[in-house]
Amino acid sequence: MSENVKRNIPPRPSLKSLEDKAVWLSFVLLAIGLHVFEATLPSLGPWFKLGLANIMTLLALVMLGARAAFMLAIARVVIGSIFIGTLFTPTFFISLAGALTAATVLVVLYKMFPRMSLISLSLLAAVAHMSGQFITVETWFIQQPEVYYLLPPLLLLSCISGWINGAISSYIWQRLKKERL
Amino acid sequence: MTSENNHPKTDTVSFRQCLKGTWTDRILLIALLVGIALLWFQIEKTLSHGLPTAYVYHGKTLLASYPLPNDDKVIHVAAEGEIGVSDIEISKHGIHFVSSPCTTHYCMLSGHKKHTGSVIACVPNHIMVVIRGASDEAQPHFDAVTE
């Protein structure tokens, strides 16, 4: 110890923190993979995606905490858009705004109601994601409130995808908990 | 001894169980659906009066407005946006983006929209076309209002 101090060597990180970093990194890679995979799928309609990558954000939230989930959402959109080729295009900014809104809602709700189920969290995050995207489109791009006419059908689809993503996250989380025990 | 007793009881969670959610989840879903339905109803109510008219916008600027024709007349609007010109077709079949300078072409993939309240937006080009009932200032007796 005193030898390390003399040589100005920082103390070794704990095994737990290294494990958390490894898990976070694997979640980021999975989220990017899902993000890119979704971009290759035929679109169910303009402006709508299944949001499969949000499963990883939800898992990061319950396993690693709020900061990890928030960083994952940003990393996923930025690195994913490099692979898709949409970096700094309107699609990128809309996607980033949606991801940030959803992550903020997730973190706030998780802090306020720690016993809230993953399906409820996912549902509200999906609705927030879609709303965040529309607010960005209306504020920066289209600048016409009529764009909100598109919102109700897309919110409906968001509820469906949010529920399914929440159920998938819940299933994975329960399996992981069992594996850890 | 039954086969059940031979194996230790496992409490594995099936995906189907997860998909059902809890009562709180279901109540939240119903509340959200009711909210969305009310929002949708409100929008429909606001728009469903007057002659269906297509409004073409670039950002905040109204470029053109045309009542949807009942005959075979086809109107083409060349809407100049941020990255180029979008060709918009207005006919009895509704509104339709024929061509667009954007790369995603979501606007073109939207197809024809005819109903009041329909919107097609080309986000990269900042062009939006919306169908709503003609308001007083739109002067629906004119063939077109342009800026």
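This is a predicted model: local features need pLDDT of at least 70, side-chain atom pairs count only at pLDDT 80 or more; totals for chains, interfaces and linings use all residues.
1. The buried residues of α2(A) are W24(A), F27(A), V28(A), A31(A), I32(A) and H35(A). As background to that list, an α-helix has 3.6 residues a turn, so residues three or four places apart point the same way.

2. The length of helix α2 of chain A, residues 15–40, can be checked against its residue count: at 1.5 Å a residue, its 26 residues should span 38 Å, and because the C-alpha atoms at its ends are 38 Å apart, the two values agree.

3. Turning to the interface, 27 residues of chain A are in contact with 31 residues of chain B. On the side of chain B that touches chain A, at least two residues come from each of α2 (15–20), α3 (23–47), α4 (106–109), β6 (119–122) and β7 (127–133) of chain B, and α3(B) gives the most, with 10 residues. Sorted by class, this side of chain B has 21 nonpolar residues, eight polar residues and two charged residues.

4. A last point concerns H105(B), which lies in the loop that runs between β5 (94–99) and α4 of chain B. Although H105(B) and C122(B) are 17 residues apart in sequence, their C-alpha atoms are 7.9 Å apart in space.

Notes:
Residues are numbered from 1 along each chain as its sequence is written. Chains are lettered from A and ligands numbered from 1 in the order in which they are written. Two residues are in contact if their C-beta atoms, placed from the backbone, lie within 7 Å. Helices (H or I, at least four residues) and strands (E, at least two) are DSSP runs, numbered from the N terminus. Ala, Val, Leu, Ile, Met, Phe, Trp, Tyr, Cys and Pro count as nonpolar, Asp, Glu, Lys and Arg as charged, and the others, Gly among them, as polar. The expected span of a helix is 1.5 Å times one less than its number of residues. A residue is buried if 20 or more other C-beta atoms lie within 10 Å of its own, exposed if 12 or fewer, and partly exposed in between; C-beta atoms are placed from the backbone.
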